[in-house]
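Subject: Structure for you to look through

Dear colleague,

I am handing over the structure below, and after it you will find my notes on what turned up in it. Please keep the picture open while you read, and take the notes in any order you like.

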Amino acid sequence: MKDARDHELGMDRQITRRDFLNGVALGIGGLALSGSLGGCARHGGAESIDSQGSPGYDPPAASGMRGDNLGSYEAAHGLRDGTFWQNAGTAAHADEVYDLIVVGAGISGLATAHFFRKQAGAKARILILEAHDDFGGHAARKEFCVGNRMLLSYGAQSLESPSLYSKVSKDLLAELGVDVQKFYRYYNQSLYPSLKMGSGIFFDRETFGEDRLVAGFGKIPHAEFFGKAPLSERARRDMVRVYTEKVDYLPGLTLEQKRAVLDRTSYADFLTKIVRLSLEVLPVFQTRTHDLFGVGIDAVSALACFEEGDDYGYGYPGLDAMGLGAAGDRGEHKPDPYIFHFPDGNASVARLLVRSLIPEAIPGHTMEDVVVAQADYSRLDRQSSPVRIRLNSTAVGVRHDGDAASAKEVKVTYARKRQLFEVRGRRCVLACYNGMIPYLCPEMSTKQKEALAYGVKTPLVYSHVAIRNWMAFQKLGVHQIAAPGCYHVYAAIDFPVSMPGYKFPSGPEEPMIVFMVRTPCQPGLTEREQHRVGRVELYDTPFETFERKIRNQLARMLGSGGFDPARDIEGITVGRWAHGYAYEYNPLFDPEFAEGEAPHEVGRKPFGRIAIANSDAGATAYMNVAIDEAHRAVQELSQYQS
Ligand SMILES: Cc1cc2nc3c(=O)[nH]c(=O)nc-3n(C[C@H](O)[C@H](O)[C@H](O)COP(=O)(O)OP(=O)(O)OC[C@H]3O[C@@H](n4cnc5c(N)ncnc54)[C@H](O)[C@@H]3O)c2cc1C
């Protein structure tokens with residue numbers, strides 16, 4: 001649907017909006033490849049690409065709608081809707097037998113292959129099937145080309161608190177050559193402060209009556225900051241009070257009793273019913289939890305806010321003087337700073353895993369050179385290689401060849417470009433979304449299927465926008481903006497990380513990537529219901545809508561700094577993850593499960609020669625959990641020697 005301001009926003013600008021369907025590059029709305037992003041050699045590649053084996057197949061270079069790319073979910077949705085097998089033909093028998101078949105090439109699936117090789121030896125034959133057009137799962141890599149400069153961005157963002165990782169995860173990173181201590185050098189923590197750039201809040205007119213960006217959050221006194229906000233005097237007083245007064249709002253309760261109350265109280269109720277703030281302040285906080293939890297403060301407990309903390313530094317005020325410990329303290333010790341970020345996020349870890357599994361696919365030897373190494377996708381699935389990664393291939397059926405207790409093989413059927421194939425493995429690890437497994441394995445017990453279906457993954461969007469320069473940000477004194485009432489609730493210029501071979505654009509006149517977050521949800525429902533509603537919205541929203549919203553929002557937030565979306569935007573990628581974070585239990589809505597009886601524990605039990613990995617199997621949305629669950633799954637299958 002066109003808008004009267006489209007021209008002003010630059011909707012007709014020739015930027016790259018290249019989509020990628022089953023490996024075929026599609027130009028959408030603008031020119032495909034030869035537009036203003038031209039210049040980096042790799043980004044002017046072949047226009048028609050038909051598979052991962054073809055020259056020029058390069059998913060990180062695609063823009064437009066990414067994340068769940070077109071073609072990655074249709075077969076799965078057909079299975080869910082019960083329509084898939086009606087339209088499917090019979091599977092071609094690929095006559096391929098593997099020691100291990102892994103479903104899902106996210107961090108967990110790749111780590112599964114890594115652990116299995118350590119156990120079974122480098123000659124073990126492994127096939128990894130992946131529904132998306134790239135490997136890495138959420139840890140996807142994105143590349144923009146502005147002028148002659150390549151800028152990287154990411155799906156999964158950073159290694160969060162690596163000092164808390166298990167020995168298994170720490171050892172894996174060490175084996176891949178990742179030394180997290182180096183990020184203390186690579187991440188320039190003083191860049192933005194040295195340029196007098198900090199945090200701002202954008203108050204939008206639809207929510208707060210007028211558009212106003214207020215800069216200096218956490219730098220200038222709260223009274224001055226909120227004095228500039230378009231809020232009533234009472235709301236301003238309330239904001240200053242909750243950020244500054246040091247009050248134990250639950251006096252007389254023991255620590256245990258306080259934790260119990262805060263565990264069952266949403267942060268919204270905590271603010272209004274316990275701290276007694278006016279309802280008018282709620283919109284300032286409503287979406288603060290979106291990035292980490294995928295729902296607003298109506299659906300996140302005050303204790304979870306306290307324990308998880310806020311990576312971006314806006315905080316959850318009111319909880320600091322309650323004797324709960326230090327904010328963001330998960331009870332073990334203070335988490336690390338949020339600096340463990342490769343320029344392409346956790347995609348570098350995925351790429352290091354692929355490099356160790358198929359060395360010829362990604363050249364180089366170090367955690368530094370992997371950042372700029374060009375992957376050769378044509379080498380991922382070669383018969384001569386013991387490990388093969390097959391993209392654009394959705395597993396649709398996983399069954400034992402006979403009775404699960406005695407079968408010697410598992411038959412895996414997958415769909416690729418509307419064709420079905422069957423391969424066989426002596427073992428199989430399902431490192432895919434656990435909620436899909438009941439559709440893949442009809443033989444499983446109802447109890448296990450129900451348990452696997454319990455968690456609802458969080459839908460979320462990481463949009464990335466390449467801009468010509470970041471002078472408007474500097475002029476306005478912000479490198480990050482919370483936008484509580486906007487379509488994208490947070491926007492920030494990139495993490496200032498330079499590594500040998502990759503230099504961060506540290507001058508405001510240089511091109512930059514802006515990161516924006518949206519998590520669709522519907523306050524008032526349970527968390528799982530909110531995720532379901534959000535997911536439907538995501539699949540129903542075309543790229544054009546995202547683009548218009550992005551242009552409009554950046555214009556409104558940054559216009560007074562001289563930003564012009566029609567002139568300054570060079571490329572947009574929408575990282576749509578309809579099945580994003582693993583579901584983590586929510587004390588506001590989920591019962592307390594007895595140990596060993598939580599749905600993820602019941603659901604992940606091995607089933608004959610099939611074991612289950614993925615971060616879903618740990619009910620925790622972090623990379624280390626994806627790795628730990630892979631390790632467990634491989635251990636569970638170790639009894640099968642042949
Ligand atoms: C936007 C975003 C940002 C994140 N940021 C961070 C972060 O900063 N730090 C952090 O630690 N974690 C982060 N996470 C959490 C992230 O989920 C985990 O860190 C980790 O990457 C999950 O890996 P996984 O392999 O378990 O799952 P996934 O990455 O989801 O991989 C599973 C793969 O299985 C594939 N698959 C599913 N079904 C099938 C099928 N039937 N056939 C074939 N393939 C199938 C999927 O396509 C997918 O590629 C983020 C997640 C998202 C969505």
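In this predicted model, strand S12 (residues 394-400) and strand S13 (residues 410-416) pair in the antiparallel sense, and six bridges hold the pairing.

As background, strands of a sheet pair through backbone hydrogen bonds, either parallel or antiparallel.

A further open sheet is built from five strands in the order S11-S6-S5-S15-S21, and here the pairing is parallel. Its edge strands are strand S11 (387-390) and strand S21 (610-612), each of which pairs on one side only, and the twist from one strand to the next averages 15°. Within this sheet, strand S6 (residues 126-129) pairs with S11 in the parallel sense over four bridges, and the bridge partner of Ile128 in S11 is Ile389.

Helix H4 lies across strand S5 (100-103), S6, S11 and strand S15 (428-430), and it runs at about 175° to S6. Which helix does H4 (residues 107-120) cross at roughly 35°? The partner is helix H16 (residues 347-357), and the two axes come within 10 Å of each other, with H4 passing H16 in a left-handed crossing. On the H4 side the contact is made by Ile107, Leu110, Ala111, Ala113, His114 and Arg117, while H16 contributes Val349, Ala350, Leu353, Val354, Ser356 and Leu357. If you sort the residues of this contact by kind, nine are nonpolar, two are polar and one is charged.

Next comes strand S9. Is S9 (residues 198-203) largely enclosed or open to the outside? Six of its six residues are buried, so the strand is largely enclosed by the rest of the structure. S9 pairs with strand S17 (residues 478-482) in the parallel sense over four bridges, and in that pairing Ile201 stands opposite Ala482. S9 is also joined by five bridges to strand S10 (residues 212-217), and these two strands run antiparallel, with Arg212 of S10 as the bridge partner of Phe203.

Arg551 is found in helix H22 (residues 543-558), and it counts as buried because its relative accessible area is 0%, where buried means under 20%. The side chain of Arg551 reaches the backbone oxygen of Gly10 at 3.4 Å. Gly147, by contrast, lies in the loop between strand S7 (141-146) and strand S8 (149-154), and with a relative accessibility of 35% it counts as partly exposed. Gly147 and Asp616 are 469 residues apart in sequence, and from C-alpha to C-alpha they are 40 Å apart in space.

With best wishes

Technical notes
Residues numbered from 1 in each chain as written. Predicted model: local features only at pLDDT ≥ 70, side-chain atom pairs only at ≥ 80, totals over all residues. Heavy atoms only, no water. Axes fitted to C-alpha atoms, helices over the stretch in contact; angles between N-to-C directions. Left-handed = near helix turned anticlockwise from the far one by under 90°. Contact = heavy atoms within 4.5 Å. Nonpolar A, V, L, I, M, F, W, Y, C, P; charged D, E, K, R; others polar. Buried < 20%, exposed > 50% of the residue type's maximum accessible area, 1.4 Å probe, protein only. Pairing = 2+ DSSP bridges. Polar contact = N/O pair within 3.5 Å; in protein donor to acceptor, adjacent residues only side chain to side chain.
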